[in-house]
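Please keep the sequence and the model at hand while reading.

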Amino acid sequence: MRIRQGVAVGLAAIGLAALGPVATPVSAHSGGKAVVLVADLTLTPSGNSWTANTTLVDGDSGSPIRGAAVKAMLGTPAKAHDLEPGSTLGNYTGTLGALPAGPTHLELQVRTLPGSEPVVPYTNAWDFELTAGQPVTVARETAGGGGSKIALILSVAGAVILLALIYGLFSLRRRTAGPRIER
């Protein structure tokens, strides 16, 4: 019985060590840089032109991303429009000029500005229908630049296997020799 308990404790220790990467902040996997999450990206009409308004947050911590270089690329050929920091933290806004109604392609780029908090370079594009005089929400909660969830999946699978092994160890019955019936 003592051997089984020792093995169970050993397996539990190995399992907890395997689950360690899940408990660490995701920013450790992105090199300490903020992972861009587009909380909101909206285009609104403003007279004859359009205004882009986006809110960017760190996908790891949820804190607003400040001091990033944000560009919206529109048109064919693509023309870059700089989005400047808005009135609230993580908010960026910029005028895009006149845009024709109909199918529209927008690409958003976020990069680190010198002297500001580093971000994982982010580029994402959306295709949508632009209707004259109607605001359009292009994106909400779109992450980019982050890693995959394979570490989480493997850790959970390891924990399930570990629990199955521990259950198996404690559910084994000790067999005792009983009287033999001879025929």
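Predicted model: local features only at pLDDT ≥ 70, side-chain atom pairs only at ≥ 80, totals over all residues.

## Salt bridges between loops

Arg66 counts as partly exposed because its relative accessibility is 41%, which falls between the limits of under 20% for buried and over 50% for exposed. Its partner in a salt bridge is Glu117, with the closest N and O atoms 3.5 Å apart. This pair links distant parts of the chain, since Arg66 sits in the loop between E2 and E3 whereas Glu117 sits in the loop between E6 and E7, 51 residues away. Glu117, at 47% relative accessibility, is likewise classed as partly exposed.

## The other salt bridges

The search of the whole structure finds three salt bridges. Another of them joins Asp40 and Arg140, whose closest N and O atoms are 3.8 Å apart. Asp40 belongs to strand E1 and Arg140 to the loop between E8 and strand E9 (142-143), so this contact ties together parts that are 100 residues apart in sequence. The two partners fall into separate accessibility classes: Asp40 counts as buried at 19% relative accessibility, while Arg140 counts as exposed at 56%.

A further salt bridge connects Asp82 with Lys71, and here the closest N and O atoms are 3.1 Å apart. Asp82 lies in strand E4 and Lys71 in strand E3, 11 residues apart. Asp82 has a relative accessibility of 45% and is therefore partly exposed, and Lys71, at 32%, is also partly exposed.

## Hairpins around E4

Strands E3 and E4 (residues 79-85 for the latter) pair in the antiparallel sense over five bridges, and within this pairing Ala72 stands opposite His81 of E4. The two strands form a hairpin with four residues between them, and Gly75 in the turn has a positive phi of about 90°.

E4 also runs antiparallel to E5, to which two bridges join it; Glu84 has Thr93 in E5 as its bridge partner. These strands, too, form a hairpin, in this case with five residues between them, and the turn contains Gly90, which has a positive phi of about 85°.

## The nonpolar core

The largest nonpolar core has 27 residues, and the members that touch the most others are Val38, Leu43, Leu56, Leu108 and Trp126. At least two residues of this core come from each of several strands, namely E1 (36-46), E2 (49-58), E3 (68-74), E5 (91-97), E6 (102-112), E7 (122-130) and E8 (136-139).

Conventions. Residues numbered from 1 in each chain as written. Heavy atoms only, no water. Core = buried A, V, L, I, M, F, W, Y, C linked by side-chain atoms within 4.5 Å. Buried < 20%, exposed > 50% of the residue type's maximum accessible area, 1.4 Å probe, protein only. Pairing = 2+ DSSP bridges. Salt bridge = Lys/Arg side-chain N within 4 Å of Asp/Glu carboxyl O.
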